[in-house]
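Here's a quick briefing to read with the structure open beside you. Have a look at the model, then work through the notes below.

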Amino acid sequence: FKIYSVYVSDFETQLQTIKKLRGSNQDFASFLDRQFKGLKDPSQHLDSMLVTPVQRMPRYLLLLRSIIRCTP
């Protein structure tokens, strides 16, 4: 869980760094554009993929609470 907590606590910094690099480094921006063009959902971006692990743990917690509530 240590890696997860570090990832979550540094998440905003990660997003800011990517935004800064995308704006200042044309090669990086082009690379990201090329990589995400081939996805089934082209509206998906690196930001939306990076947030998935952050959202996953709370979803599991909600699921477990629901299971406990509905189980005698």
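**The core and what surrounds it**

The largest nonpolar core is made up of 6 residues, namely Phe11, Ile18, Leu32, Phe36, Leu50 and Val54. Helices α2 and α3 each put at least two residues into this core. Bear in mind that this is a predicted model. As a general point, nonpolar side chains in soluble globular proteins tend to be buried together.

**Inside the core**

- Which residues does Ile18 touch, leaving aside its neighbours within four places in sequence? Ile18 is in contact with Phe28, Leu32, Leu46, Asp47 and Leu50.

**The aromatic pair**

- Searching the whole structure turns up 1 aromatic pair.
- That pair is Tyr7 with Phe11, and the geometry is tilted: the ring centres sit 6.3 Å apart, with 50° between the planes.
- The angle is called tilted because stacked needs planes under 30 degrees apart and edge-to-face needs over 60.

**The salt bridge**

- Asp33 pairs up with Arg22 here, and their closest N and O atoms are 3.3 Å apart.
- Asp33 belongs to helix α3 (residues 26–37) and Arg22 to helix α2 (residues 11–24), so the bridge ties together parts that are 11 residues apart in sequence.
- In general, side chains of opposite charge can pair when their charged atoms come close.
- Both ends are partly exposed: Asp33 has a relative accessible area of 37%, and Arg22 comes in at 33%.

**The nonpolar surface patch and Met57**

- Out on the surface, Phe1, Met57, Tyr60, Leu63, Leu64 and Ile67 form a nonpolar patch, with about 660 Å² of accessible area together.
- Met57 sits in helix α5 (residues 52–70).
- Met57 has 31% relative accessibility, so it counts as partly exposed, and it clears the cut-off of over 30% for joining a patch.
- What does Met57 touch, leaving aside neighbours within four places in sequence? Its contacts are Phe1 and Tyr4, and Phe1 is also one of the patch residues.
- Met57 and Tyr4 are 53 residues apart along the sequence, yet their C-alpha atoms are 9.5 Å apart in space.

**Helix α4: Met49 and Ser48**

- Met49 is part of helix α4 (residues 46–50), and Ser48 is in helix α4 too.
- How exposed are they? Met49 is partly exposed at 35% relative accessibility, and Ser48 is partly exposed at 31%.
- Not counting residues up to four places away in sequence, Met49 touches Phe36, Leu39 and Gln44.
- Gly38 makes a handy reference point for both: its C-alpha is 15 Å from that of Met49, 11 residues away along the chain.
- From Ser48, Gly38 is 10 residues away in sequence and 16 Å away in space, C-alpha to C-alpha.

Terms used:
Residues are numbered from 1 along each chain as its sequence is written. This is a predicted model: local features need pLDDT of at least 70, side-chain atom pairs count only at pLDDT 80 or more; totals for chains, interfaces and linings use all residues. Side-chain values use heavy atoms; hydrogens and water are left out. Rings of Phe, Tyr and Trp (its six-membered ring) pair if their centres lie within 6.5 Å; planes under 30 degrees apart count as stacked, over 60 as edge-to-face and the rest as tilted. Patches are made of residues with over 30% relative accessible area and no salt bridge: like charges are joined within 9 Å, nonpolar side chains (Val, Leu, Ile, Met, Phe, Trp, Tyr) within 5 Å. Accessible areas come from the Shrake-Rupley method with a 1.4 Å probe; for residues, only the protein chains shown count as cover. A salt bridge is a side-chain nitrogen of Lys or Arg within 4 Å of a carboxyl oxygen of Asp or Glu. Helices (H or I, at least four residues) and strands (E, at least two) are DSSP runs, numbered from the N terminus. Buried means under 20% relative accessible area, exposed over 50%, partly exposed in between (1.4 Å probe, protein chains only). A nonpolar core is a set of buried Ala, Val, Leu, Ile, Met, Phe, Trp, Tyr and Cys residues joined through side-chain atoms within 4.5 Å. Contact means heavy atoms within 4.5 Å.
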